[in-house]
Amino acid sequence: MTDRLRAVIADDQALVRTGFRMILTANGIEVAAEAANGDEAVAAVRRTRPDVVLMDIRMPQMDGLEATRRILAGGSEDTRVLILTTYDLDHYVYAALAAGASGFLLKDVSPEHLVAAVRLVRSGDALLAPTITRRLVERFARRDEAKPTLHRDLHQLTPRELDVLRLLATGLSNAELAGQLTLSVATVKTHVASILSKLDLRDRVQAVVVAYETGLISPGGTG
């Protein structure tokens, strides 16, 4: 993509916002707006239509989780949300991923990692470490038939696509999937794209959540 990447930074700590702004701006990423709470974040996204939102979870008035839900349910189809958290196993993170966030970063992330993550999420991918997704889901996923957050009908998928989804949910990268299934990486990418399209999902993070919530794979198992 050659057009300028635009971001919104939502964090109740001014120092954090300033630091992230400096890092992003120095790397050619435009900061369209800043927000100190969830209400401001939702308003900023609706006003500026950024590519990526860096969203803190714990903020006053409205937390980042509710702000993420409102942003992604409010017609911002092209906006990706990247959750910021202090702890790598913050119990809110799984709920944020289920709400549609495309991944998460620790607040002590290096400048290089931050920039790479923002660009990666904007490109339509998700998370820099798939194994972290698996660890989060395995720890916090709880099947609740009354609240199937991302329930989808898996009967739409072909047997091969189900195989890909099972392995994807264990945290394997496309290259690792290709090795396991004796396929080319390009073919794996095609299968992943088909899965996302058929199940109406934003990215592979949501695919992981669906795999657990539908029972295709269980925490600690392979389905």
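Threonine 68 sits in helix 3. Setting aside residues up to four places away in sequence, threonine 68 touches Met55, Val81, Ile83, Ala96, Ala99 and Ala101, where contact means heavy atoms within 4.5 Å.

A word on what you are looking at. This is a predicted model, in which local features need pLDDT of at least 70 and side-chain atom pairs count only at pLDDT 80 or more, while totals for chains, interfaces and linings use all residues. Residues are numbered from 1 along each chain as its sequence is written, and side-chain values use heavy atoms, with hydrogens and water left out.

Now step back to the whole chain. The protein chain has 10 helices and 5 strands; these are DSSP runs numbered from the N terminus, with helices (H or I) of at least four residues and strands (E) of at least two. Of its 223 residues, 49% count as buried. Among contacts between residues at least 6 apart in sequence, 68% join residues at least 24 apart.

The 5 strands form an open sheet in the order 2-1-3-4-5, with parallel pairing; two strands pair if DSSP finds at least two bridges between them. Strand 2 and strand 5 (103-106) stand at the edges with a single partner strand each, so one side of each is left without a neighbour in the sheet. From one strand to the next, the twist averages 25°. Angles here run from 0 to 180 degrees between N-to-C directions, and axes are lines fitted to C-alpha atoms, for helices over the stretch in contact.

Follow the sheet across from strand 2. Strand 1 and strand 2 pair in the parallel sense over 5 bridges, and alanine 7 has valine 31 in strand 2 as its bridge partner. Helix 1 (residues 14-26) packs on the sheet, where helix 1 touches strand 1, strand 2, strand 3 and strand 4, and its direction makes about 170° with that of strand 2. Next, strand 1 is joined to strand 3 by 4 bridges, again running parallel, with isoleucine 9 opposite leucine 54 in strand 3. Strand 3 and strand 4 also run parallel, joined by 5 bridges, and here methionine 55 stands opposite isoleucine 83 in strand 4.

How many residues of strand 3 are buried? The count is 5 of the 5, so strand 3 is largely enclosed by the rest of the structure. Val52, Leu54 and Asp56 point one way from the strand, while Val53 and Met55 point the other way. In the model, aspartate 56 counts as buried at 4% relative accessibility. Leaving aside neighbours within four places in sequence, aspartate 56 is in contact with Ala10, Asp11, Asp12, Gly64, Leu84 and Lys107.

In soluble globular proteins, nonpolar side chains tend to be buried together. A nonpolar core is a set of buried Ala, Val, Leu, Ile, Met, Phe, Trp, Tyr and Cys residues joined through side-chain atoms within 4.5 Å. The largest one in this model has 27 residues, and those with the most contacts inside it are Ala10, Val53, Met55, Ile71, Val81, Ile83 and Ala101. Elements giving two or more residues to this core include strand 1 (6-10), strand 3 (52-56), helix 3 (64-73) and helix 10 (204-213). Apart from it lies another core, of 25 residues, among them Leu165, Leu177, Ala178 and Ile217.

Finally, visit two helices. The axes of helix 8 (residues 174-181) and helix 9 come within 8 Å and cross at roughly 105°. That makes helix 8 roughly perpendicular to helix 9, since angles of 65 to 115 degrees count as roughly perpendicular, under 35 as roughly parallel, over 145 as roughly antiparallel and the rest as oblique. Where they meet, Asn174, Ala175, Leu177 and Ala178 in helix 8 face Val185, Val188, Lys189 and Val192 in helix 9. Lysine 189 is exposed, with a relative accessible area of 51%.

Note on methods. Buried means under 20% relative accessible area, exposed over 50%, partly exposed in between (1.4 Å probe, protein chains only).
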